[in-house]
Amino acid sequence: MEKELNVPTLRFPEFSGEWEIRILSDISNKITDGTHDTPMPIEFGIPYLTAIHIKDGNIDYENCYYLSREDHEKIYRRCNPEYEDLLIVNIGAGAATCALNTIDYEFSLKNVALIKPNKKLINPYYLEQYQRKSSIQLFTRLSSGGAQPFLSLKEIGKFKIPYPPLPEQQKIASFLSAIDEKIRGLKRKKSLLEQYKKGVMQQLFSQEIRFKDEKGNDYPDWEEKKLGEVASNVMYGLNAASKEFDGENKYIRITDIDDNSRTFINDGVTSPDCELDDKYLLKEGDLLFARTGASVGKTYLYNYKDGKVYFAGFLIRFSLKDNIPYFIFQQTLQPSYNNWVTKMSMRSGQPGINAEEYKSFPIILPCIEEQTKIANFLSAIDEKIEIEDARIKQAEVWKKGLLQQLFV
């Protein structure tokens, strides 16, 4: 039987020969970690990163915590992060997630391992790209036992790393880093569009900006009404568990609504595990409100593109017919709505807002013609955001495929 060669499927033409496999401890100068205690953060001080600040390839320096010099020194003596050190979350829900440090000032770590690559042997960016590729599979293995995922330093040191010559490592790293930069650029563009929409919405709903009719005249003054005055068919959803998606009937629960975009999350879609009743089937103009828990107030406006969707019991449906549903939905994305939800849900025990209370939510309504113009204007921005989001996902899928072929 012919021996399988240890070479990647996709390779730059100037390189040949088999790759080695080496363990991480052999190509690193040091493998250590930060504290597992809980030092007291302060308002200003030395930056302090925890597991929540380490994303897939990104470190959230902007939202880090801060420590006193005294507490920082205790941790820093142990791990002393430096430029191009690799950080790997080694405990909790983000275990195995990694990112390369790209700053050269001091900070402390908690529940994060630190690897100092030997740059004479391994390109740090190559190492990061390989570890990012391996992180999902690694986390799945760590989570399978039921206990809290944990990576010991000894286990990290035994990670097997595909090891081509350094020039080939550098070529792979540069190529993948260029793709990452393209993805970051797309994300920046999407973020700017989202910020622009947010600013415009505030001006529109505060009436700092007003549309005019075809003759250049002002539209009539806006009216204030209660949600219950403009909605019908108000009801709670199905009291049913979920099951594997049957290919047709989708089930939307609070967790199936994206926290940021308020769209239906189609990844991992399920179906209701019960006899289906059309009264729980969403139709055009239906607006859902989360009625309990930490996500109380979260909303979703049904989109026909989402297909055949039934809604769950912790959601309340309001059918909007006589006004522009999208215009009313956009008011639930305003800071004033969030403030209203906070006040209404302040009660003993778990936060919650029932259907009668939601009916009292105050909304402002211009005439239908102005509603239409505002809705069309904001929808056009939404479409641009959706286009950028699709480009991001396409680029990420493309990169994922390349990773499978570029590494052995």
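Buried means a relative accessible area under 20%, exposed means over 50%, and partly exposed lies in between, with a 1.4 Å probe and protein chains only. Keep that at hand for the exercises below. The model is predicted, so local features need pLDDT of at least 70 and side-chain atom pairs count only at pLDDT 80 or more, while totals for chains, interfaces and linings use all residues. Residues are numbered from 1 along each chain as its sequence is written, and side-chain values use heavy atoms, leaving out hydrogens and water.

**Exercise 1. Is Tyr251 buried or exposed, and which residues does Tyr251 contact?**

Step 1: Find the residue. Tyr251 sits in strand S13, residues 249-252; strands are DSSP runs of E with at least two residues, helices are runs of H or I with at least four, and both are numbered from the N terminus.

Step 2: Apply the cut-off. Tyr251 has 1% relative accessibility and therefore counts as buried.

Step 3: List its partners, where contact means heavy atoms within 4.5 Å. Setting aside neighbours within four places in sequence, Tyr251 is in contact with residues including Leu238, Phe264, Ser271, Pro272, Tyr310 and Phe311.

Step 4: Check one partner along the chain. Ser271 is 20 residues from Tyr251 in sequence, yet their C-alpha atoms are 4.8 Å apart.

**Exercise 2. Where does Asp306 lie, and which residues does Asp306 touch?**

Step 1: Look between strands S16 (299-301) and S17 (308-311); Asp306 is in that loop.

Step 2: Read its accessibility. The value for Asp306 is 10%, so this residue counts as buried.

Step 3: Collect the contacts. Beyond four places in sequence, Asp306 meets Lys250, Phe264, Asn266 and Tyr300. Phe264 is also among the contacts of Tyr251 from the previous exercise.

Step 4: From Asp306 to Ile265, 41 residues away in sequence, the C-alpha separation is 9.3 Å.

**Exercise 3. At what angle do H2 and H9 pack, and which residues meet?**

Step 1: Identify the helices: H2 covers residues 124-143 and H9 covers residues 368-406.

Step 2: Classify the angle. Under 35 degrees is roughly parallel, over 145 roughly antiparallel, 65 to 115 roughly perpendicular, and the rest oblique. H2 and H9 are therefore roughly perpendicular to each other.

Step 3: Name the residues. Gln129, Arg132 and Lys133 of H2 meet Lys399, Leu403 and Gln404 of H9.

**Exercise 4. Look at the backbone of Asn80 and Asn233.**

Step 1: Check phi. Asn80 is not a glycine but has a positive phi of about 25°; Asn233, also not a glycine, has a positive phi of about 55°.

Step 2: Locate them. Asn80 belongs to the loop between helix H1 (69-79) and strand S5 (86-89), whereas Asn233 is in strand S11, residues 231-236.

Step 3: Assign accessibility. Asn80 counts as partly exposed at 22%, and Asn233 is partly exposed at 47%.

**Exercise 5. Sum up the whole chain.**

Step 1: Count the elements: there are nine helices and 19 strands.

Step 2: Turn to burial. Of the 408 residues, 46% are buried.

Step 3: Consider contact range. Among contacts between residues at least 6 apart in sequence, 77% join residues at least 24 apart.

Definitions and conventions:
Axes are lines fitted to C-alpha atoms, for helices over the stretch in contact, and angles run from 0 to 180 degrees between N-to-C directions.
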